[in-house]
Structure formats: structure tokens, C-alpha cells
Amino acid sequence: MKKIALFVALGLGFCASSLARAEDAAPAPAPVAATPAVAPAAPDCAAQATDKKLAGAALNSFLKKCERDAATTSCDAAAAEKKLKGAAKASFAKKCVKDATAAPKPQ
């Protein structure tokens, strides 16, 4: 048991020192948005959900799907505007939808 604790302690020390060195490095430049700005569809989706009188899990599921569908439409239009075809279009659309529907990260 003591050997496992020693290995864990050494492993955590190694991870912490690696993180410290990574933090000492020059700060990374701010990411440039590669995807088009997708207009939030929340007001329209919320209005549709209200019309359907949804609540609870049904409301959450409907809002997620509605926002994903709106983002997909917008991203497909952006891919067409960039004249992307095939795998490039699919990859762009997938990342665009993921970025558009991702929950904002707390800072």
C-alpha cells in the first residue's frame, strides 16, 4: 500500500511540475474565430417551446435540438459560402455546430 502511495505522490509531483513549466511559458495568443458567428436561436426556440407548452426534460430536449438545427442551417450556409465540398464541408459543419451549441466556459 505504501508503494502505491509513493508512486501516486511521485506522479502528482511530476504532473504539478509539468504544469508549472507550462504556465511559465509565454501566454498563448487569443484564438481567432474560424467559424462564422451564429445568431442565437434561443428566442425563436423559446417561443416555439412556449407555443407547444413544453416543460421539464421535454423543454430541455426541444431547446437543445432546436438550437442545434438552427446552428446546422447556419453552418451549412457558411460552408456553401466558402465553397466547401465533401469531407471539408462535413468537417467544417461539424466543428461549426459544436462551437455554436457549446455551453460557454466560465472564466
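1. Terms first. Buried means under 20% relative accessible area, exposed means over 50%, and partly exposed is in between (1.4 Å probe, protein chains only). Helices (H or I, at least four residues) and strands (E, at least two) are DSSP runs, numbered from the N terminus.

2. Basis. This is a predicted model, in which local features need pLDDT of at least 70, side-chain atom pairs count only at pLDDT 80 or more, and totals for chains, interfaces and linings use all residues. Residues are numbered from 1 along each chain as its sequence is written, and side-chain values use heavy atoms, with hydrogens and water left out.

3. Overall make-up. The protein has 4 helices and 0 strands. From the N terminus on, the order of elements is α-α-α-α. Of its 107 residues, 12% count as buried. Contact means heavy atoms within 4.5 Å. Take the contacts between residues at least 6 apart in sequence: 49% of them join residues at least 24 apart.

4. The expected span of a helix is 1.5 Å times one less than its number of residues. Helix 3 has 26 residues and should span 38 Å. Its end C-alpha atoms are 38 Å apart, which agrees. The buried residues here are F62, C66, A71, C75, A78 and A79.

5. Helix 4, span. Helix 4 covers residues 86-101, which makes 16 residues. At 1.5 Å a residue it should span 22 Å. The separation of its end C-alpha atoms is 23 Å, which agrees.

6. Which residues of helix 4 are buried? They are F92, A93, C96 and V97. Seen down the axis of helix 4, the buried residues fall within an arc of 125°, so they line one face of the helix. The arc is that of the directions from the helix axis to the C-beta atoms. On the other side of helix 4, A87, K94 and K98 are exposed. As background, an α-helix has 3.6 residues a turn, so residues three or four places apart point the same way.

7. What covers that face. The cover over the buried residues of helix 4 includes helix 3 (56-81). From helix 3, the residues that meet helix 4 are E67, R68, A71, T72, C75, D76, A78 and A79. Their counterparts in helix 4 are K89, F92, A93, C96, V97, A100 and T101.

8. Packing geometry. Two packed helices are described by the angle between their axes and the distance between the axes. How do helix 3 and helix 4 cross, and within what distance do their axes come? The axes come within 9 Å and cross at roughly 140°. Axes are lines fitted to C-alpha atoms, for helices over the stretch in contact, and angles run from 0 to 180 degrees between N-to-C directions. Helix 3 and helix 4 are therefore oblique to each other. The classes are: under 35 degrees, roughly parallel; over 145, roughly antiparallel; 65 to 115, roughly perpendicular; the rest, oblique. Helix 3 passes helix 4 in a right-handed crossing. A crossing is left-handed if the near helix is turned anticlockwise from the far one by less than a right angle, and right-handed if clockwise.

9. T101. This residue lies in helix 4. T101 is partly exposed, at a relative accessible area of 37%. Leaving aside neighbours within four places in sequence, T101 is in contact with E67, R68 and A71. T101 and E67 are 34 residues apart along the chain, yet their C-alpha atoms are separated by 6.9 Å.

10. Two further pairs. S74, in helix 3, is partly exposed at 25% relative accessibility. S74 and A100 are 26 residues apart in sequence and 9.6 Å apart in space, C-alpha to C-alpha. D99, in helix 4, is partly exposed with a relative accessible area of 38%.

11. Backbone points to check. Where does K53 lie? K53 sits in the loop between helix 2 (42-51) and helix 3. Its phi is near 55°, a positive value in a residue other than glycine. K53 is exposed, with a relative accessible area of 76%. K83 is in the loop between helix 3 and helix 4, just after helix 3. K83 has a positive phi of about 60° although it is not a glycine. At 69% relative accessibility, K83 counts as exposed.
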